[in-house]
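Please look over the sequence and the structure first.

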Amino acid sequence: MDRRAFVAAMGGLPLMDDAVTHALTLVREENRRVEGYAPEVVADDEAYWMRVRQAYTIDANHVNLNSGSVSPAPRVVAEAMQRYWTLTNMSPSLYVDTLLYPEVEHVRRRLASVLQCDPETLALTRNTSESLQIAQMGLPLQRGDEIVSTTQDYPRMITAWRQRERRDGVVLKLVRYPVPPSGHDDLYERVMAAVTPRTKVIHICHITYTTGQIFPVRRICDEARRRGIFTIVDGGHSFAHFPFTIADLGCDVYGSSLHKWLCAPVGNGLLYVRKEVITRLWPLLAADPSQDGDIRKFESIGTYPISLRVAVSDAVTFHEEIGGERKAARLRYLRDRWMDGVAALPGVELLTPRDPAQSCAIGAMRLKSLGAQALTDQLQQRWGIHVRPRFVADEFECIRVTPNVFTALHEIDLFVEAIRALAKG
């Protein structure tokens, strides 16, 4: 018996409540209204984005400008997660195995459709860190082999390579670059200048967690492939943030978290592995030899809360309801609004380029009169605005400002007002 037949036989599980249904209806009505409009036209249509905001459970007395760490799920996703948990809890052993595990394959296909890749190259994980460490720890390397990354790659990933240095004698080389850089040519040249005949891996961010800098990933990966170098791309902040496909990247491995820009339940991630290299990577947890070429070998982690995973399809549906191009246009519009508002203020320095090829929602700034942590604390304590401080040792510190589709213009304007007040001292 499949889940739909089971639910029918049981008289149905709890359906979506009226608030969830109403919120989805409003978004779909707005989509019909703006159908055919260019994404840039809809970007400043506040009536449209207020409907999207109403599809979330938002604390209106708190301004969340830190979607870069974790985002709230829309009501429809939260409701789906609860519905699957209710089903799980009715008979965890039987219903999970017979009703919910089979639905994981549907989740795989939905995510693969967004990335436009073969589902057989996509593993479902718990977050970006797990995804990338599968490659970092599972790729065979020899003593003296070099890995090229940057000082602004995610600290957990740098820690993983440092452990391999201690354990296996590999060599990690970290590239510095200015913020903002002069452009993609500069980033490409700095990364490739660190490559030597001993380089076996290039590990870079698609978009950095510090300033939201988008890297020339395809250009770097193409040259790496030409030289026989394995490429790992950290997409923790890129999936469902702005449109791209796996073919646009050209990498061997890509990992991302789904609780950021897809707004899926916390505890979901994905791992793409180019089909030809699946057999080269060992999984983090042991798998049977029969799975050597199966992408699912990377999912063998034991028991986990499957109600979180199967609700991912609802997050994909909500994301596609808005549309990737429309979403990215709105995010850039919000970023430009606050940047325009603070750029000329005394002591303000913007660290993120405006070029759409180099950035999207994430923007970073610093204020000369306040350190990043002090600025973060002032914004929270005095205005109820939540941002994230970022520190790169011996280079710079800043605050990262990260709006999302549920962010209202009055919240962006409050942030600008707060920075204006702090800049005046």
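## Glutamate 223 and its helix

Glutamate 223 is part of helix α11, which spans residues 217-226. Helices (H or I, at least four residues) and strands (E, at least two) are DSSP runs, numbered from the N terminus. The model is a predicted one, in which local features need pLDDT of at least 70 and side-chain atom pairs count only at pLDDT 80 or more, while totals for chains, interfaces and linings use all residues. Residues are numbered from 1 along each chain as its sequence is written, and side-chain values use heavy atoms, with hydrogens and water left out.

Glutamate 223 counts as buried because its relative accessibility is 14%. Here buried means under 20% relative accessible area, exposed means over 50%, and partly exposed lies in between (1.4 Å probe, protein chains only). Leaving aside residues up to four places away in sequence, glutamate 223 touches Tyr188 and Met192; contact means heavy atoms within 4.5 Å. Its side chain also makes a polar contact of 2.8 Å with the side chain of arginine 227. A polar contact is a pair of N or O atoms within 3.5 Å; within protein, one must be able to donate a hydrogen and the other to accept it, and residues adjacent in sequence count only if both atoms are side-chain atoms.

Both residues touched by glutamate 223, Tyr188 and Met192, are among the buried residues of helix α10 (residues 184-193), together with Asp186, Leu187 and Val191. The elements covering the buried residues of α10 include β3 (146-150), β4 (171-175), β5 (199-205) and α11.

## Two loop residues

Threonine 211 sits in the loop between β5 and α11. With 0% relative accessibility, threonine 211 counts as buried. Not counting residues up to four places away in sequence, threonine 211 touches Gln152, Val179, Leu351, Thr352, Ile362, Gly363, Ala364 and Phe396.

Glutamine 358 is in the loop between β9 (348-350) and β10 (363-367). Glutamine 358 is also buried, at a relative accessible area of 8%.

## Salt bridges

How many salt bridges does the rule count? The count comes to 32, where a salt bridge is a side-chain nitrogen of Lys or Arg within 4 Å of a carboxyl oxygen of Asp or Glu. The table gives some examples.

| Glutamate 146 | Lysine 173 | 3.7 Å |

The side chains of glutamate 146 and lysine 173 meet in a salt bridge. Glutamate 146 lies in strand β3 and lysine 173 in strand β4, so this pair ties together parts 27 residues apart in sequence. Glutamate 146 is buried, with a relative accessible area of 13%, whereas lysine 173 is partly exposed at 25% relative accessibility.

Aspartate 168 and arginine 164 are separated by about one helical turn, because they are four residues apart in helix α9 (residues 155-168). An α-helix has 3.6 residues a turn, so residues three or four places apart point the same way. Arginine 164 is buried, with a relative accessible area of 4%.

The domain assignment gives domain 1 (99-317) and domain 2 (325-424), with bounds that come from an automatic or database assignment. The C-alpha centres of the two domains lie 27 Å apart. In contact are 25 residues of domain 1 and 29 residues of domain 2.

Between them, domain 1 and domain 2 bury about 2000 Å², 58% of it on carbon and sulfur atoms. Buried area is the accessible area (1.4 Å probe) that two parts lose on being put together, summed over both.

Across this interface the rule finds nine residue pairs in polar contact (both at pLDDT 80 or more) and one salt bridge. Arginine 176 and glutamate 395 meet in a salt bridge through their side chains. Arginine 176 is partly exposed, at a relative accessible area of 45%, and glutamate 395 is partly exposed at 25% relative accessibility.
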